Amino acid sequence: MINIIFLFGTIGGLIEAACFFFAFHVLGENTGTEGMVFGYLSMILSLSMVFIGVKRYRDVELGGVIGFVRAFLVGLAISIIAGIIYVGMWELYMAATHYTFAEVFTTNYINAQKAAGLSGAKLDKLIAEMNTFKVQYANPLYRMPMTFMEIFP
């Protein structure tokens, strides 16, 4: 069971890492909606390893029968391994780009809201929220669990 958990969790994490690097190297850093769609599709592809891993565990090690709780726990463990790899990959990306993600993200978001017509007190409130986000995101104890929760659920 442990071998299947680590094998399929690692495959899922590596699929996500490969898709992530493809997106940033081919599509570019400022892909907007296209990048989000590609990111979520890659997460679905990556976490399909949960299904495949549980099925393989059921078929190979248990002779074709598995209970809900055991299947749930194996799937959960595979997801945790894939999530940890995803967080590690994101932290490597952050280090390689000198932790500029929050600055780029907030600047692009504020500019998009300005272009959509946001102004006055609402714009000031948004800018304050984005500045708070940048400070929070600089803290790895905030950033890493947040990154893990992007893929884990």
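This report describes helices, the loops between them and the packing of helix pairs in a predicted model.

## Basis of the description

The model is predicted, so local features need pLDDT of at least 70 and side-chain atom pairs count only at pLDDT 80 or more, while totals for chains, interfaces and linings use all residues. Residues are numbered from 1 along each chain as its sequence is written, and side-chain values use heavy atoms, with hydrogens and water left out.

Helices here are DSSP runs of H or I with at least four residues, numbered from the N terminus.

Helix α2 covers residues 33-61, which is 29 residues. The expected span of a helix is 1.5 Å times one less than its number of residues. For α2 this gives 42 Å, and the end C-alpha atoms are 42 Å apart, which agrees. Helix α3, residues 68-96, also has 29 residues. From its first C-alpha to its last, α3 reaches 42 Å, close to the 42 Å expected.

Several residues of α2 are buried, including Ser-42, Met-43, Ser-46, Met-49 and Val-50. Buried means under 20% relative accessible area, exposed means over 50%, and partly exposed lies in between, using a 1.4 Å probe and protein chains only. Gly-53, Val-54 and Tyr-57 of α2 are also among the buried residues. In α3, Ser-79 is buried, with a relative accessible area of 11%. Leaving aside residues up to four places away in sequence, Ser-79 touches Leu-47, Val-50 and Phe-152; contact means heavy atoms within 4.5 Å.

## The loop between α2 and α3

Just after α2, Gly-63 has a positive phi of about 70°. Gly-64 is placed in the loop between α2 and α3. Its relative accessibility is 37%, so Gly-64 counts as partly exposed.

When residues up to four places away in sequence are not counted, Gly-64 touches Arg-58 and Asp-59. Ile-52 is 12 residues from Gly-64 along the chain, and the C-alpha atoms of the two are separated by 13 Å.

## The loop between α3 and α4

His-98, in the loop between α3 and α4, has a phi near 60°, a positive value in a residue other than glycine. With a relative accessible area of 64%, His-98 is exposed.

Tyr-99 is found in the loop between α3 and α4. The phi of Tyr-99 is near 55°, again positive in a residue other than glycine. At 45% relative accessibility, Tyr-99 counts as partly exposed.

## Packing of α4 with α5

Two packed helices are described by the angle between their axes and the distance between the axes. Axes are lines fitted to C-alpha atoms, for helices over the stretch in contact, and angles run from 0 to 180 degrees between N-to-C directions. Helix α4 (residues 101-115) and helix α5 (residues 120-137) have axes that come within 9 Å and cross at roughly 165°. That makes α4 roughly antiparallel to α5. Angles under 35 degrees count as roughly parallel, over 145 as roughly antiparallel, 65 to 115 as roughly perpendicular and the rest as oblique.

Among the residues in this contact are Phe-101, Phe-105 and Tyr-109 of α4 and Leu-123, Met-130 and Phe-133 of α5. The residues of the contact of α4 with α5 divide into 11 nonpolar, 2 polar and 3 charged. Ala, Val, Leu, Ile, Met, Phe, Trp, Tyr, Cys and Pro count as nonpolar, Asp, Glu, Lys and Arg as charged, and the others, Gly among them, as polar.

Helix α6 (residues 140-151) packs with α3 at an angle of about 130°, with the axes 9 Å apart. The two helices α3 and α6 are therefore oblique to each other. The contact includes Ile-80, Gly-83 and Trp-90 of α3, and Arg-143, Met-144 and Phe-148 of α6. By class, the contact of α3 with α6 has 9 nonpolar, 2 polar and 3 charged residues.

Helices α5 and α6 pack at an angle of about 95°, and their axes are 7 Å apart. They are therefore roughly perpendicular to each other. Phe-133, Gln-136 and Tyr-137 of α5 make this contact with Tyr-142, Arg-143, Met-146 and Thr-147 of α6. The contact of α5 with α6 has 4 nonpolar, 2 polar and 1 charged residues.
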